[in-house]
Amino acid sequence: MPTATQSSSSTAPTTSKLMMADPPPEFLTLQEIVITARRNLSPEVWDYIVGGSDTETTVKRNRNALDRLAFRPRVLRNVENIDCGGCLLGKDLRLPVLLAPIGSLQDLESGGGVTVTKASAEFGTAHMLSSVCKPGLEAVAAAADNPKIFQLYVRGDADWVDDHVRRAIANGYFAFCLTVDLDHYGRRERDILKRHMSTSRQTAAHEEFQERLSWDDVKRIKDKFDIPLILKGIATAEDARLAIEHGVEGIYVSNHGGRQLDCGRGTIDVLPEVVAEVDGRAEIIVDGGFMRGTDIVKAMILGADVVGIGRLQGFGAAAGGVRGVVRVLELLETEIKITLALLGVTGYDKLDAGYLKATDAVVEPHALSAFPLLDEGY
Ligand code: FNR
């Protein structure tokens, strides 16, 4: 039986304890979605999505840092009407959840960025489209009327970057994002071992421009364009301060899901110092290992405005296309609502650090440790 992080595509579906139809009439738990995604994907693509860089310590720290936070719930309060909604840069969202940029979505499900953007529209939350995701900026913009952000990997000179900002504005993206934690592509050893390259890696070119990226580029974009700018991959209070000094509107705390710098901190551990430094002067997004409603509530308690989901979104797409991603969001909403009710509050604004307590993690962390049934052979 494969371990949780291994593909089970060689395992006959009939041995599954769940005996799910293909595809299931409706996913009732997030675990079913992950199990179905694993069944639908080749071992190569499964490892591409699950894997991290080098020792995968950063991947594990993302989960471990979340697992080390326990709740201190309050009881006997009226929680009949709970508001799970969120807001990002003036856009109201059904949940404070962002569909994070995923390159090569088309390797997981043929619709690629169109599938995720349609799910974002159907559910009512924001989608950040990756510049290395097909079918591209214009086609994804045309596919649905939803809050969209464009995320760029810099693979050209200033004119090339500026052209992307102009196209994002012209196509209705409400914010622009530079990913800044990819000066060099991380060594994802699962991919290297399997000699696997995602479609976006196969066509990657001119990565020297990403290596040369500096605060001067941030200044140029801010000086030239009237669109909120987000920097994705901020991991210290020092860089959050520089971002604020450059007029950046969105600070995206991320370690790229543990796929870039190895031996980094879990992002929920990074969040408090960034929140303190920013002090309300920009909006804060965080991602990295957020797989459950409880994880999202923990981030909201610690001061995030919105939480990004990467792999979980990919599992939804691989398990059931648009419907699969919508189900991921619906199930997160259910989990968040239950968590808020059991904490004794009707909204995130009623929460503070007193609802959390540092404790020991009870599970061995890995990319999928939020889904323990996978370890039990489902
Ligand atoms: C990513 N991520 C990413 N980030 C980015 O800025 N541009 C991109 O094109 C991609 N592509 C990508 C592909 C795949 C398969 C994964 C898993 C991740 C990182 C992503 O936006 C996000 O930061 C992490 O995925 C968050 O961690 P979780 O939610 O996957 O644990």
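Colleague: In this predicted model, is His-206 buried, partly exposed or exposed?

Modeller: The relative accessibility of His-206 is 47%, and a residue counts as exposed only over 50% and as buried under 20%. Because its value falls in between, His-206 counts as partly exposed.

Colleague: Which residue in the loop between strand 2 and strand 3 (91-93) has a positive phi although it is not a glycine?

Modeller: The loop between strand 2 and strand 3 (91-93) holds Leu-89. A phi of about 50 degrees is positive, and the residue that has it there is Leu-89.

Colleague: Which residue is joined to Pro-135 by a cis peptide bond?

Modeller: Most peptide bonds are trans. Pro-135, which has its place in the loop between strand 5 (126-130) and helix 6 (137-143), takes part in a cis bond with an omega of about 5 degrees. The residue joined to Pro-135 by this bond is Lys-134.

Colleague: Is Ala-282 buried or exposed?

Modeller: Ala-282 lies in the loop between helix 13 (267-278) and strand 10 (283-287), and the residues that it touches, not counting those up to four places away in sequence, include Ile-244, Val-248 and Asp-305. Because its relative accessible area is 10%, and the cut-off for a buried residue is under 20%, Ala-282 is buried.

Colleague: How far apart in space are Ala-282 and Ala-240?

Modeller: In sequence, Ala-282 and Ala-240 are 42 residues apart. In space, taken from C-alpha to C-alpha, the distance between Ala-282 and Ala-240 is 9.4 Å.

Colleague: What covers the buried residues of helix 3?

Modeller: Helix 3 spans residues 57-67, and its buried residues include Val-59, Leu-66 and Asp-67. What covers the buried residues of this helix includes strand 1, helix 13, helix 14 (293-301) and helix 15 (311-343).

How values were computed:
Residues are numbered from 1 along each chain as its sequence is written. This is a predicted model: local features need pLDDT of at least 70, side-chain atom pairs count only at pLDDT 80 or more; totals for chains, interfaces and linings use all residues. Side-chain values use heavy atoms; hydrogens and water are left out. Helices (H or I, at least four residues) and strands (E, at least two) are DSSP runs, numbered from the N terminus. Buried means under 20% relative accessible area, exposed over 50%, partly exposed in between (1.4 Å probe, protein chains only). Contact means heavy atoms within 4.5 Å.
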